[in-house]
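Hello,

Please find the structure below.

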Amino acid sequence: MFKILRKEKLNSQVTLLEIDAPFVARKAEPGQFVILRAHEEGERIPLTIADYDRNRGSVTIIFQEVGATTRLLGNFEAGDKLADFCGPLGNPSHFEGVRKAAVIGGGLGTAIAYPQAKKLFGMGVDVDVIIGFRNKELIILEEEMAKVSHHLYVTTDDGSNGTRGFVSDILKKRIEEGEKYDVVIAIGPPIMMKVVCDVTRPHGIKTIVSLNPIMIDGTGMCGGCRVTVGDQTKFACVDGPDFDGHLVDFEELVRRLSMYREHEKECLDRHECRLGGVLDG
Ligand SMILES: Cc1cc2nc3c(=O)[nH]c(=O)nc-3n(C[C@H](O)[C@H](O)[C@H](O)COP(=O)(O)OP(=O)(O)OC[C@H]3O[C@@H](n4cnc5c(N)ncnc54)[C@H](O)[C@@H]3O)c2cc1C
Ligand code: FES
């Protein structure tokens, strides 16, 4: 069992949990993820390692409540225990030779982008961070990102905080102003990652995206996380989750992500009618 050491609500939909998991913390690197089960009957869900503390033996996850399991997790408190917490899985991010980087987070993707920005900043790379949210209530990790970047840009779709518009608008402007990025890292909804890739492609700027297809085993055996990258079939759990964004088939990714929507809705409905009774995540 894996004890929750700390819980923090980052906004109305997003929660941070710090988990006591010394063996995972010992090996964890930015870019990797865990697969957890909230309880013994629960489904396995993948979540990115948002941070880790090897001395304390803890791993931090940040998740958005989108369905049955993430809602159930959102109800856990410090002191509660998770049944399984398996990882680190996937490949760590590699940034050798990078001198100037833009790290872009869209919504919840900011939590997944945070460890990447932290790693680059720690390597002495000149880091611009651009994070975007639908409105100011949804902003997360602004202070944390400020500490691991040289310039932080915040956008909101409705202009309620920071610059009105999209993260890709800021990136486009920075590039047009002459900024020379060795790499752009874009993490967020598939449409956002695709638009960022469309901005960087004409300039030949290497663009890394982190793909989150449906994952089941996380070890390359089930094929659930199949994505097409440069006309090749890849499994995001073992070949990724980071990929060259210019080669990703985003349309296929979006199609496959919605494959289980009916079933997920059924699970959520069942979860909601059982609130107060046995939870089924
Ligand atoms: C490598 C990886 C890292 C991720 N990191 C994070 C993270 O740090 N924070 C976060 O909030 N979310 C993250 N996700 C997405 C997270 O796994 C899903 O939000 C979660 O599984 C939803 O489960 P649910 O039961 O609450 O919702 P459901 O109602 O079951 O699903 C809601 C939506 O979540 C996605 N989803 C559902 N099951 C899975 C699955 N087994 N694998 C992947 N996606 C699924 C689908 O898009 C689905 O439409 C990550 C996914 C992957 C693959
Ligand atoms: S999750 Fe099964 S192959 Fe990747």
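**Between the two domains**

Between domain 1 and domain 2 there is 1 salt bridge, a salt bridge being a side-chain nitrogen of Lys or Arg within 4 Å of a carboxyl oxygen of Asp or Glu. K118 forms a salt bridge with D51, and their closest N and O atoms are 2.9 Å apart. Side chains of opposite charge can pair when their charged atoms come close.

This is a predicted model, in which local features need pLDDT of at least 70 and side-chain atom pairs count only at pLDDT 80 or more, while totals for chains, interfaces and linings use all residues. Residues are numbered from 1 along each chain as its sequence is written, chains are lettered from A and ligands numbered from 1 in the order in which they are written, and side-chain values use heavy atoms, with hydrogens and water left out.

Domain 1 covers 2–89 and domain 2 covers 100–210; such bounds come from an automatic or database domain assignment. The C-alpha centres of the two domains lie 24 Å apart. The contact, meaning heavy atoms within 4.5 Å, takes 14 residues from domain 1 and 14 residues from domain 2.

The size of an interface is often given as the accessible area lost when the parts come together. Here domain 1 and domain 2 bury about 1,100 Å² between them, with 61% of it on carbon and sulfur atoms. Buried area is the accessible area (1.4 Å probe) that two parts lose on being put together, summed over both. Of the area that domain 1 buries against domain 2, N11, P30 and I62 supply 36%, more than any other three residues.

**Around ligand 1**

There are 23 residues around ligand 1, of which E43, P46, Q64, T70 and M215 come nearest; a residue is counted if one of its heavy atoms lies within 4 Å. A backbone N or O atom of Q64 lies 2.8 Å from an oxygen atom of ligand 1. For G67, a polar backbone atom is 3.2 Å from an oxygen atom of ligand 1. With M215, a backbone N or O atom lies 2.7 Å from a nitrogen atom of the ligand.

**Backbone details**

Which peptide bonds are cis? The one from G87 to P88 is cis, with omega near 0°, and P88 lies in strand β8 (residues 84–89). Helices (H or I, at least four residues) and strands (E, at least two) are DSSP runs, numbered from the N terminus. The bond from G240 to P241 is also cis, with omega near 5°. P241 lies in the loop between α7 (236–239) and β17 (242–244).

L141 has a positive phi of about 60° although it is not a glycine. L141 is found in the loop between β10 (126–133) and α4 (142–147).

**Salt bridges in the whole structure**

The structure holds 20 salt bridges. One of them joins the side chains of E65 and K9, at 3.2 Å from N to O. This pair links distant parts of the chain, 56 residues apart: E65 is in the loop between β6 and α2 (68–74), and K9 is in strand β1 (residues 2–9).

Regards

Note on methods
Polar contact = N/O pair within 3.5 Å; in protein donor to acceptor, adjacent residues only side chain to side chain.
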